[in-house]
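Visitor: I have a structure open and would like to learn how to read it. Could you take me through a few features?

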Amino acid sequence: MKFDTPATTNPIDQLKVVGKPVDRIDGPLKTTGMAPYAYERHDVAPDQAYGHVLGAGIGKGRIAAMDTAVAKAAPGVLAVLTTLDMPRLEKGQMNTAFLFGGADIQHYHQAIAVVVAETFEQARDAAAMIQVRYVREPGRFDLAAEAPNAKLTSADSGEGSGAAHEERIGDFEAAFAQAPVTLDATYTTPDESHAMMEPHATIAAWEGDRLTVWTSNQMVAWGRRDLAKTLGIPAEKVRLDSPFVGGGFGGKLFLRADAVLAALGARTAGRPVKLALARPLMANNTTHRPATIQRIRIGAGRDGRITAIAHESLSGDLPDGQPETAVSQTKLLYAGANRLTAMRLAVLDLPEGNAMRAPGEAPGLMTLEVAMDEMAERLEMDPVEFRILNDTQEDPEHPGRRFSQRQLVRCLREGAERFGWNRRAAKPGGHREGRWLVGMGVAAGFRNNLVMASGARVRLDGGGGVTVETDMTDIGTGSYTIIAQTAAEMMGVPLEKVAVRLGDSSFPVSAGSGGQWGGNSSTAGVYAACMKLREAVAQRLGVNSAEASFVDGEVRAGNRVAPLGQAAGVDGLVAEDRIEYGDLAKRYQQSTFAGHFVEVGVDAATGETRVRRMLAVCAAGRILNPKSARSQVIGAMTMGVGAALMEELAVDKRHGFFVNHDLAGYEVPVHADIPHQDVVFLDEVDPISSPMKAKGVGELGICGVGAAVANAIHNATGVRVRDYPITLDKLLDRLPEVA
Amino acid sequence: MNGEVRDLAVDTRTTLLDALREHLQLTGSKKGCDHGQCGACTVMVDGRRIYSCLTLAVMHEGDEVTTIEGLGQPGNLHPMQAAFVKHDGYQCGYCTPGQICASVAMLEEIKAGMPSHATADLTAAPRLTPEEIRERMSGNICRCGAYSNIVDAITEVAGRQA
Ligand code: FES
Ligand code: FES
């Protein structure tokens, strides 16, 4: 089905099942431990051996020699495969760093061997017995030091944000020079780790030249293609199954070493092999959100209207890598006639930088929305009013090009009202409660809405049951449930009558889970398949499909009523289709918006920040399931608090690696860090987006949160910190005098 | 093991977690870090919660181990499991069995009068406040960030119990 004109009334608009806050259909499995994650599939292949991956102990250089004799002779060892045993493997289409093969070390903890043994303990032990002789080479590990060598680079995150290497509208420099009120500030955001709870894990089994991997991957079709490419075998010979993913956040978008080495280990050992990347290997072996240094300049008239805005970002990556697209939202968020955005990329020899939840916007808004707060302060304006004054209803770089929906102003107004914004002390440091300095902060949330082609197969059985199959993944987002809701609505059956099977590459290729496109796009694909199934049902029953209504397990047309299952016959009835998109996304700017409000208390003596209240008001199209959508948003808000207050991969600039590479050293928010969170979804349907009239929320929730926390800390203390995370050492010597 | 006697011969290096997951194929207990940093492997031993990755299986001969599988099953959910479903106290589900085991044991700790860092008066019975729950559950990381909902689920069950 081609979606190239705005949606009109369709069966989804009945909203009998869609739009309801139903419990997740996979909830009983997840809460009882019965949902099978990749490493846990004891049933899928007999006689599974255990693999253990060894990572390189240097940041850059090459391996001169590896001695595996002791490891090979260790008890239970079935195979030892080292990176010297094969030439460098071809790279997957989505990979920047090479995953295995050859003597060259591109980054710390790059996989250099896999040991296969009868037990986990034996494999791990033997891996430690491999002797490696390295030849170290000097590397580029310091982003700031590499700034002079950085090159202007355009990029598309592939996740909805992107920018040209340099974009100019009007004359930024002249307008900025003339503006009576200006800000010129530089901010930094650190490298961050996805730190999803389930490590990358794979079970691999060969049958002749056919390979099956049970793995944990957000994008089944990409993973299959890139695994085949890396191993040098045809994609048709590979099956990838990923029905439950224990968190991804972008870290499992791409093929990683676990799948490659499980497959190679299984081939070498002649046995199915299961392996997981050890937690301490993950931060350096896989991908991370790259650090940025961002300069923002804003000029405004005394009336508060922005006349000039510039956002320049520097980030680093391995050779052939990409910049973090941190300037992307600045192209669209606020009005202003004279504009400049630019991205520079430095070559670094640290592990691969790549997408993490809202790549581009997450770090971009952490700085832009603090800059807006600083400007409001200089203008002596309320930061909510300053943002509202500079709202735009059209793409500021392309006047005349409208947003499909843009309710940022309502998000901010309604948020301010609900949060009690009027109780905020305009003067920083003006609100004290015992030992706590209390402050409120606001930030706009912005994230583009991407639509992706997505396919599904639906099967109707004689009992009126509907089964949906698609290679879509559920990474905690609620895909199982919203897909079931969609099929139930379309076919006029209760939710219990729908079974959903996901994540298998033998199912039709879906949008997958990334860039907050998954919910809207995958359900639109199910919509398309169900439309086809409705046609087929009508035809079987000999009624006109345009007149047929699908209600309560029945098909009704004129005075005819037939049970839905009757159309299935003994063999069942199957339909498959795919949603594809025309140029609506070009003609209209499709974005999602939020107003984020945060209240913090900062300990007047220690500088410790505690988040006390959080509210997000979101405008993101039709909300398919308010319960799981809210969870997406609170989860993202939580990650936003982490980015603001604690998350930072510490770079060892001499040896070139992330030092705090486990969950003890890389701090993420825990229960005690997170207060009750409120989320409000504005009533919105977006017929430009898809037949579902929905958009994404999973990343919108993080966009702006970090800045709202930072702005609240400033409001509480009067201290402006421009370097994330805002840890207490950065506040301590600047806190107001304790009375 | 969840009320049954199980005989196992394991490597002395095998953790309780791997004995569960690999030897008994009880994969409800999760391995998030294998280093006592995340709580995904939380089970109850003799009624007390424990990180099963930080203890060796051979140390538990004769102990009573309760895992998520022993609490309830689909169709027969433990009240805490049902509350997690109702409040959407999870997303990816990977930390969830650990959160549920921890919360069941944690409520018993409060009942037994064990204080926490959030307990203001160490001699009085600890109260069931959100602060107490958050403090006591902080050994169980949820990277999906379901905390707000998890606390709602626990609070509901605790209210029902009291
Ligand atoms: S797996 Fe045991 S604490 Fe993380
Ligand atoms: S539900 Fe994913 S980590 Fe908690």
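**A buried arginine**

Guide: Let's start with A:Arg401, which counts as buried because its relative accessibility is 19%. Buried means under 20% relative accessible area, exposed over 50%, and partly exposed in between (1.4 Å probe, protein chains only). Some ground rules: this is a predicted model, where local features need pLDDT of at least 70 and side-chain atom pairs count only at pLDDT 80 or more, while totals for chains, interfaces and linings use all residues. Residues are numbered from 1 along each chain as its sequence is written, chains are lettered from A and ligands numbered from 1 in the order written, and side-chain values use heavy atoms, leaving out hydrogens and water.

Visitor: Where is the place of A:Arg401 in chain A?

Guide: Helices (H or I, at least four residues) and strands (E, at least two) are DSSP runs, numbered from the N terminus. A:Arg401 sits in the loop between helix H10 (383-389) and helix H11 (408-419) of chain A.

Visitor: And which side chain does the side chain of A:Arg401 make a polar contact with?

Guide: A polar contact is a pair of N or O atoms within 3.5 Å; within protein, one must be able to donate a hydrogen and the other to accept it, and residues adjacent in sequence count only if both atoms are side-chain atoms. Here the partner is the side chain of A:Gln589, at 2.9 Å. A polar atom of the A:Arg401 side chain also lies 3.4 Å from the backbone oxygen of A:Tyr588.

Visitor: How do I read strand pairing, and which strands does E3(A) pair with?

Guide: Two strands pair if DSSP finds at least two bridges between them. Strand E3 (residues 61-67) of chain A pairs in the antiparallel sense with strand E5 (residues 104-105) over two bridges, with A:Gly61 opposite A:Ile105. E3(A) also pairs, again antiparallel, with strand E7 (residues 131-136) of chain A over six bridges; there A:Ile63 stands opposite A:Tyr134.

Visitor: Which residues touch the most other members of the largest nonpolar core?

Guide: A nonpolar core is a set of buried Ala, Val, Leu, Ile, Met, Phe, Trp, Tyr and Cys residues joined through side-chain atoms within 4.5 Å. The largest has 236 residues, and A:Met491 and A:Val537 touch the most other members. Apart from it lies another core of 18 residues, including A:Met66 and A:Ala113.

Visitor: What about the interface: how much area do chain B and chain A bury between them?

Guide: The size of an interface is often given as the accessible area lost when the parts come together. Buried area is that loss (1.4 Å probe), summed over both parts. Chain B and chain A bury about 4600 Å², 56% of it on carbon and sulfur atoms. In chain B, B:Gln91, B:Arg143 and B:Tyr147 lose the most area to chain A, together 18% of what that side buries.

Visitor: How many salt bridges are there between the two chains?

Guide: A salt bridge is a side-chain nitrogen of Lys or Arg within 4 Å of a carboxyl oxygen of Asp or Glu. The count is six, and one of them joins B:Glu22 to A:Lys274, with the closest N and O atoms 2.6 Å apart.

Visitor: Is B:Gln91 buried or exposed?

Guide: B:Gln91 is buried, because its relative accessible area is 3%. This glutamine is in the loop between H3 and H4 of chain B, and its side chain reaches the backbone oxygen of B:Cys144 at 3.2 Å.

How values were computed
Buried area is the accessible area (1.4 Å probe) that two parts lose on being put together, summed over both.
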